[in-house]
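Morning, everyone. Let me put the structure up and then go through some contacts.

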Amino acid sequence: MSDAASLAGLSDTLFTLTILVYSVATLAFAAELAFSHRASAKALVAPDGSVVSDQGASSSSRIGQVAIAVALLGTALLGAVLLLRGLAAERIPLGNMFELATAVAFVGVVGFLFLALRTPRLRTVGLFVMLPVTLGLVLVGLFLYTESGPLVAALRSRWLVVHVTTVSIGFGAFLTSGIISVLFLVRSRFEEAGSAVRGMTSRIGQWLPNSETLDRAAHRMVVFGFPIFTFAVIAGAVWAESAWGRFWGWDPKETWAFIAWIVYAAYLHARATAGWRGGAAAWINVAGLVVMFFNLLYVNLVTSGLHSYAGIS
Amino acid sequence: MRTALMLLFLLALAAVPGSLLPQRPLSQTAVARYFAENPELAPFLDRLGLFDVFASPWFAAVYLLLFASLIGCLVPRTWGHIQSMRTEPPRAPSRLSRLPRHATVRTELGADEALDVAEEELRVARYRVVRKDGALSAERGLLKETGNIVFHLALLALLISLAIGKLWGYEGSVLVQEGQGFCNTFQQYDTYSAGPLIDGADLIPLCVDLDDFRARYEPNLTPSSFTGDITYSRAVGGPEQQTTIGINSPLRVDGARLYVTGRGFAPIFSVTLPDGTELTDLSAPFLPTDPSTMLSEGVLKLPDLGAGRDQLAVQGVFLPTAQDVGGGLLTSVDPRPLDPAVAIVVYAGSLGLDSGIPQNVFTLDQDRIERGQLERVGSGNLRPDESLELPDGTSITFTGFREFAAMQLHRDPGQGAVLISSLAMLGGLLATLLVRRRRMFVRPGDKVLEIGGLAQGGSVDPAEFEQIVVRIRTAVADAAGRQKENPAHV
């Protein structure tokens with residue numbers, strides 16, 4: 001077995017391992033929520049609503065810290081998956097959809113961990129980030145898996161590194177932001193209706209940090225991701241100019257990148273417009289994430305454009 | 001802003017059909033296929049301009065409205081920003097402890113001396129500082145609004161640069177076989193498009209010959225590079241220069257760029273007529289239908305075989321590495337020309353090339369075959385130097401192949417301005433997203449300095465506030481120390 005093949009094989013093993021570790025992290029985040037729920041039920045509450053005695057909270061907080069540690073481990077493994085793939089193929093490991101989706105998941109989780117370490121209240125968001133990311137990685141492994149290999153001629157450019165790395169970082173930031181905006185919508189419904197809502201909204205709502213924290217976290221991730229995504233589009237245009245003969249040609253991928261850019265620009269405007277702050281802005285952010293996914297999946301797999309080599313064959 | 005938001009949504013929505021429906025500038029064939037598959041719907045959609053969305057009047061209407069609303073917003077905003085740059089920071093509020101951030105610094109210095117020290121520190125931290133009624137008011141972060149205005153102005157500049165490119169730009173595409181060439185005139189291109197303000201005389205002088213073309217492959221047959229060695233001259237009869245161009249490395253001359261956008265094979269035939277006349281080196285580019293095996297289709301049309309003779313057409317497929325799959329059927333198993341062959345069908349009759357109706361050079365007119373104007377006179381699979389004998393004694397020999405490159409010349413005079421506008425947009429965006437406008441106030445009390453801070457839309461970053469407080473505290477203590485050591489100098 002050649003060095004490249006063994007590196008690629010190791011990378012595949014680590015991918016499976018990452019999914020396992022992320023599953024454990026997901027369970028730990030779920031356990032934290034379950035314990036905090038029981039703890040708050042048990043806690044002694046004074047007439048003014050303040051918690052007098054809360055023994056359960058500290059154990060749930062310990063589980064939360066374990067969850068963060070496990071998620072960090074899984075993220076390091078996911079980083080190693082990409083690193084080994086890059087070493088095996090001797091190129092940047094962002095040459096097909098499998099690698100791109102893996103990188104987006106990596107950046108998304110890093111974004112969440114960054115937020116959770118800076119603002120511990122946001123740790124309860126963990127379940128809702130780790131669960132879709134873990135399931136997403138399973139689907140990526142099942143349906144988008146591509147052998148590590150060389151790139152077609154058009155992709156052999158230094159701009160690949162610049163363009164695709166920044167796309168992944170922007171997309172990853174948007175991913176975490178979009179998830180947090182969904183949670184914001186759940187939480188604001190919970191806050192508005194109070195105890196009137198029952199079922200899932202109420203249960204999830206009381207686990208979550210307050211809607212203002214969520215709104216700020218979502219905004220922060222877009223503020224981080226949007227300039228990077230803008231740069232990625234510009235870098236893509238510079239590259240297209242030397243690879244395809246024009247910097248912009250309304251190729252399906254370009255068109256959807258344009259749409260995504262407009263939607264995120266609308267999100268930033270909405271957050272500064274009276275009557276659009278909060279709920280409406282959060283919906284726009286969620287729409288932006290839908291557009292990003294549409295651009296990744298539909299445009300690569302269904303339409304045929306110049307970006308088609310980013311597909312799975 | 002509400003209008004701008006609505007128009008942004010409208011713009012995003014308007015772009016959607018541009019990716020879901022086939023677009024003329026991207027693929028005429030895809031549009032034709034859509035017309036064939038949806039004969040009722042297609043003409044209706046066509047009337048709405050949905051097959052060329054990004055050049056349609058309604059798409060232009062949306063973005064022009066957006067830019068009109070942008071200008072309407074930008075003018076008063078720029079004016080207001082200039083005003084606020086000229087205005088001093090406001091008077092310090094009476095109770096600094098009510099501000100989002102607040103700290104006190106003990107000091108032995110007198111009120112004026114302490115304020116002097118604090119003012120110096122704030123200036124070093126790049127605040128604009130004024131002293132009003134015995135207190136300091138300092139402000140920083142006007143760059144945020146500057147960035148915002150720059151971003152939106154750059155957006156306008158981007159639109160204008162794009163318009164310049166559309167009005168004065170042009171592009172032409174041509175298939176060039178090894179050993180052949182072309183000059184930069186509209187007549188010599190297979191297809192071209194040009195902006196409304198450009199005519200043939202404006203084209204830059206450039207002639208290009210393709211000397212050699214090579215495709216390289218990885219062991220797993222992933223194409224690794226396509227390169228063409230070219231000789232070019234920038235004036236008719238001018239000095240010739242040689243270079244190599246390929247994917248990701250165009251030739252750039254006089255603001256124009258020459259690209260290799262594709263490649264393929266052109267099989268070469270020779271024809272021996274029954275009277276012994278031999279015509280050699282007849283070739284036509286065949287278009288690859290499967291890039292992984294380079295199986296290519298095309299037709300060689302031979303209209304001039306002599307007076308009174310039928311015209312001939314050699315239609316078929318070129319297989320770079322042919323493999324017999326049984327029953328005389330050939331397929332290609334490798335994109336490299338390791339074992340080339342052609343499978344051809346020969347038609348004789350009238351090609352109708354002088355009928356005035358433009359013909360596709362890669363296919364035969366199926367109608368003429370059905371109407372009997374072209375008659376099938378022979379078919380066969382040929383390896384190099386094998387011949388096909390027609391009933392009338394004409395012999396067609398497959399003698400070899402040449403590679404051809406699909407070349408595209410593009411000139412967009414707005415391109416540099418597009419890049420600069422985009423980078424200015426990015427710079428403005430970063431400034432507006434990352435900078436916060438914030439104010440600091442310092443008021444002396446009884447042996448203390450009260451410091452308060454606030455920022456637009458919330459509180460000053462705690463780390464930044466803390467840093468300023470520490471700097472003021474240290475500086476005040478240092479000044480007090482110096483005063484004690486050397487009181488005479490105060």
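Start at A:T75. Leaving out residues up to four places away in sequence, A:T75 touches A:Y22, A:F106, A:V109, A:V110 and A:L113. Contact here means heavy atoms within 4.5 Å. A:T75 sits in helix α2 of chain A, residues 55-89. Helices are DSSP runs of H or I with at least four residues, strands are runs of E with at least two, and both are numbered from the N terminus. Is A:T75 buried or exposed? Buried, with a relative accessible area of 5%. The cut-offs: buried is under 20% relative accessible area, exposed is over 50%, and partly exposed is in between, with a 1.4 Å probe and protein chains only. The side chains of A:T75 and A:Y22 also make a polar contact of 2.8 Å. That term means a pair of N or O atoms within 3.5 Å; within protein, one must be able to donate a hydrogen and the other to accept it, and residues adjacent in sequence count only if both atoms are side-chain atoms.

Some housekeeping. This is a predicted model: local features need pLDDT of at least 70, side-chain atom pairs count only at pLDDT 80 or more, and totals for chains, interfaces and linings use all residues. Residues are numbered from 1 along each chain as its sequence is written, chains are lettered from A and ligands numbered from 1 in the order in which they are written, and side-chain values use heavy atoms, with hydrogens and water left out.

Now chain A overall. Chain A has nine helices and two strands. The order from the N terminus is α-β-β-α-α-α-α-α-α-α-α. Of its 313 residues, 57% are buried. Take the contacts in chain A between residues at least 6 apart in sequence: 79% of them join residues at least 24 apart.

Next, the interface. 46 residues of chain A contact 47 residues of chain B. Together the two chains bury about 3,700 Å², 73% of it on carbon and sulfur atoms. Buried area is the accessible area, 1.4 Å probe, that two parts lose on being put together, summed over both. How many salt bridges cross the interface of chain A and chain B? Three. The rule is a side-chain nitrogen of Lys or Arg within 4 Å of a carboxyl oxygen of Asp or Glu. A:R156 and B:E218 form a salt bridge at 3.0 Å, N to O. On the side of chain A that touches chain B, α7, α8 and α9 (279-301) each supply at least two residues. α8(A) gives the most, 13 residues.

Last, the rings. Rings of Phe, Tyr and Trp (its six-membered ring) pair if their centres lie within 6.5 Å; planes under 30 degrees apart are stacked, over 60 edge-to-face, the rest tilted. Over all chains there are 27 aromatic pairs. Why is A:W250 with B:F59 edge-to-face? Because the planes are at 85°, with centres 6.1 Å apart. A:W250 is in the loop between α7 (211-243) and α8 (252-270) of chain A, and B:F59 is in helix α4 (residues 57-86) of chain B, so this pair joins two chains. A:W250 is partly exposed at 21%. B:F59 is buried at 2%.
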